[in-house]
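Subject: Structure handover

Hello,

Please find the structure below, for you to keep on your side. My notes on it follow.

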Amino acid sequence: MVGFDEQLLQLLDKLTGQRSNRQIIPIVGMGGIGKTTLAQNAYEHSLIVHHFDIRTWVTISQKYNVKQLLLQLLSENNSQMDEQLLGQKLHKILWGRRYLIVTDDIWSIEAWEEVCRFFPDNNNGSRIVVTTRISNVATHFDSLLFELSFLDEDQSWDLFCKKTFGEVGCPLELEDIGKEIVQKCKGLPLSIYVIGGLLGRSHKTQEYWKIISKDLISNLNLEKDENCSSILSLSYTYLPPHLKPCFLYVGIFPEDHEIIVSQLIKLWVAEGFIKPNKAQSLEDIARGYLNDLVDRNLILKHKLGSNGRIKFCKIHDLLRDLSLKAAQKDEFMCMMEDIPQGIERERRIVCNRKEALHTLQLASLTRTLVTSIHGRLSNNRLLRVMLFNNIGKRNFLRWHSVDQVNTRYLAYNELTYFRSFFLVKLPSSIDVLWNLQTIIIKREIKAPSEIWEMRQLRHVDIWGLNLPDPPQNGDQNHDGIVLQNLQTLMSVINFVWSEEACKRVVNLRKLNIVYGRHSKRSNDYSLHNICKYLHKLESLKCSSYGLDNVLQKLTFPSSLKKLYLVRSKADWKDLTVIGSLPNLEVLKIDHLSAREPAVWNPVEGEFLHLKFLLIQFCDLVNWNADSSHFPVLEKLFLKRMDILDEIPLDIGEIPTLGLIHVCWCSESAAISAMKIAEEQENACNEGLQVRVVIDGKEKLESFQEKMKQSEDDEPSSTYNFQVGLY
């Protein structure tokens, strides 16, 4: 960790020290100084993962919701419980266990007091790390502060070179001008990161860098008291034109929000920010834009998906402030904190004030609306993007399919746990939205036959979609329309995949199908046609609650890269069909019900490209495999495998394997994971991490006792092995 190695060692020592009482450790410093980075490096350190039973992280920010904070701490998305019950649940989980909690970005004592009452002092070495930029908040805890200071000249230069040139190092001819630019950053890590991202993607010539340096000096002279703001502003100024609106658009999301990358990409496409080319889809081009902004350090990677791509991203709050400031200056977007005058001319509006409905009615030129407001917007007929942070009610769906005929993106992202189980019918007038590209609804919907006529549809993401059969070609009112642009279709309930239906959606890339307990036999759904016609399908999730012989009836296209099977009734030997898929990289198996003895004997030559394997809630007893069966596997996740005898020890020999995660499995499976870790550590394989999560304190103590006995018999440090408790 460039510039903070000493502080990291001190923090690790403080976290693992001998004092048994619960300790609060504040990290204080200005925005962009590296508080969160320091806390994150400690949080993820193998010493810390091994030391604490429980680790959890919560980001609080200036505006916070106590229930959402508690859900973060519990690693849950939704709950019907109120704050008090959630807090009691958290307290019960933490009670008697050594825990580490990071409360990131606290702005007030009140925010701390809302959650700290649920953090018990177990007198067992529990620790709480608090990051804040407010000195009064940091001193409130009456404990030793970690006060971060600016980087010195050498540290600043090292960080700049790392971000700009990687391992190559700075060319000699750029060293003088580079050091001149770095000096302007005055040791602030965020500024160095961003300027490094700018120059790392630019022409690496003296002439170009001198232009950057000159503009930087000019900006600093204009904003003498806002050094960081000036440097960040320069990074925006030098963005290529096609990336500027994409960066500004990230400001529509709340501070510290985990942004779903797939949603962001769909929004960029709907807004028309993406320049098309013949070689790629708009979504693939948009992902390239995202990666470019990440490389420039303007957007942060937050979480990766099972396929290794960025699934969630975030933006530093100082960079978000920059985007909002630039958006206001360029009249790109309006954040309605109050009810301003002149809103009639705003093109994009973010507003969650309920009393602003009448004012929004006046914004007849608005193209984008992000809101939680309930009501009809009959005057806003130019709207292209409508993102509602609430449930899609029957009236809303009818109004918005009549009033907003230019809509390209329509989403209802409810904020509460409650999902209505009452079926809601989309109106037949939905086809009036002839420009609609994306529709997202978090409830069960019955679609009209007119949905087959919506040629511009790209993404249909509905919690439960009852899709009618497409009209027959013989129908004089329909000409067999092919939805050429449709890439995503989820989650379709009990649908018959006739040849006619498959021919309409030949370009699908992502498909989620669900068959309920009262559905027909699998051969009645023509599942074999999926392989016959959907040659571009890359991701398939099939949930078959009670449906027999799915793997025997559902054939898979060779294009498939990701497969998720839920509640399938099949034998482990049937997985040979899946193992032969030439492009499969991700396989998730959930609740596989085998009729024959629960033994899996993979065949050599299968799963040749599989990188990610998840098996959970399955009655697997014996798994006989070695490194030749999954030759490029990178991550293995096992969850709730209660009767699994052991993980094949030779799995650890796979050269690409970086992680084995065993959660709530049998004790024998956990012990085999420990043996794999020991063998690989003895073989000097430092690249493999093995993590075990035990369900229950008594089970953890039993497991630790057996680990101790094993170490007495054959001592091992097992630094790559981590065990914890949930």
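Ser491 sits in strand 17, where strands (E, at least two residues) and helices (H or I, at least four residues) are DSSP runs numbered from the N terminus. The peptide bond that leads from Met490 to Ser491 is cis, with omega near -10°. Most residues other than glycine have a negative phi, and most peptide bonds are trans.

This is a predicted model, in which local features need pLDDT of at least 70 and side-chain atom pairs count only at pLDDT 80 or more, while totals for chains, interfaces and linings use all residues. Residues are numbered from 1 along each chain as its sequence is written, and side-chain values use heavy atoms, with hydrogens and water left out.

Asn494, which is not a glycine, has a positive phi near 50°; its place is the loop between strand 17 and helix 19 (499-504). Asn494 is partly exposed, at 31% relative accessible area. Here buried means under 20% relative accessible area, exposed means over 50%, and partly exposed lies in between (1.4 Å probe, protein chains only). Ser75 also is not a glycine, and its phi is positive at about 55°. Ser75 belongs to the loop between helix 4 (66-73) and helix 5 (83-94) and is exposed, with a relative accessible area of 65%.

Leu483 lies in the loop between strand 16 and strand 17 (488-493). With a relative accessible area of 3%, Leu483 is buried. Leu457 is 26 residues from Leu483 in sequence, and the two C-alpha atoms are 7.1 Å apart in space.

Next, the salt bridges. The structure has 14 of them, a salt bridge being a side-chain nitrogen of Lys or Arg within 4 Å of a carboxyl oxygen of Asp or Glu. Side chains of opposite charge can pair when their charged atoms come close.

- Asp317 and Arg133 form a salt bridge through their side chains, at 2.7 Å from N to O. Asp317 is in helix 16 (residues 317-329) and Arg133 in the loop between strand 4 (127-132) and helix 7 (135-139), so this pair ties together parts that are 184 residues apart in sequence. Asp317 is buried at 8% relative accessible area, whereas Arg133 is partly exposed at 22%.
- Glu283 and Arg458 also meet in a salt bridge, at 2.9 Å from N to O. This pair links distant parts of the chain, 175 residues apart: Glu283 is in helix 15 (residues 282-295), and Arg458 is in the loop between strand 15 (438-446) and strand 16 (459-466). Glu283 is buried at 8% relative accessibility, and Arg458 is buried at 10%.
- Lys179 and Glu175 form a salt bridge whose closest N and O atoms are 3.4 Å apart. Both residues lie in helix 9 (residues 172-184), 4 residues apart, about one turn of the helix. Lys179 is partly exposed at 37% relative accessibility, and Glu175 is partly exposed at 26%.
- Arg201, Asp292, Asp295 and Arg296 are linked in a network of salt bridges.

Which strands pair with strand 11? Strand 11 (residues 368-371) runs parallel to strand 10 (residues 348-351), joined by 4 bridges, and parallel to strand 12 (residues 385-388), again over 4 bridges. Strands pair if DSSP finds at least two bridges between them. Leu369 of strand 11 is the bridge partner of Ile349, and Val370 stands opposite Leu387 in strand 12. In a regular strand the side chains alternate between the two faces of the sheet. Strand 11 is covered on both faces, with Thr368 and Val370 buried on one side and Leu369 and Thr371 buried on the other.

Strand 20 (residues 562-566) is mostly covered, with 4 of its 5 residues buried. Strand 20 pairs in the parallel sense with strand 19 (residues 539-544) over 5 bridges, and 5 bridges join strand 20 to strand 21 (residues 586-590), also parallel. Tyr564 in strand 20 is the bridge partner of Lys541, and Leu587 in strand 21 is the bridge partner of Leu563.

Regards
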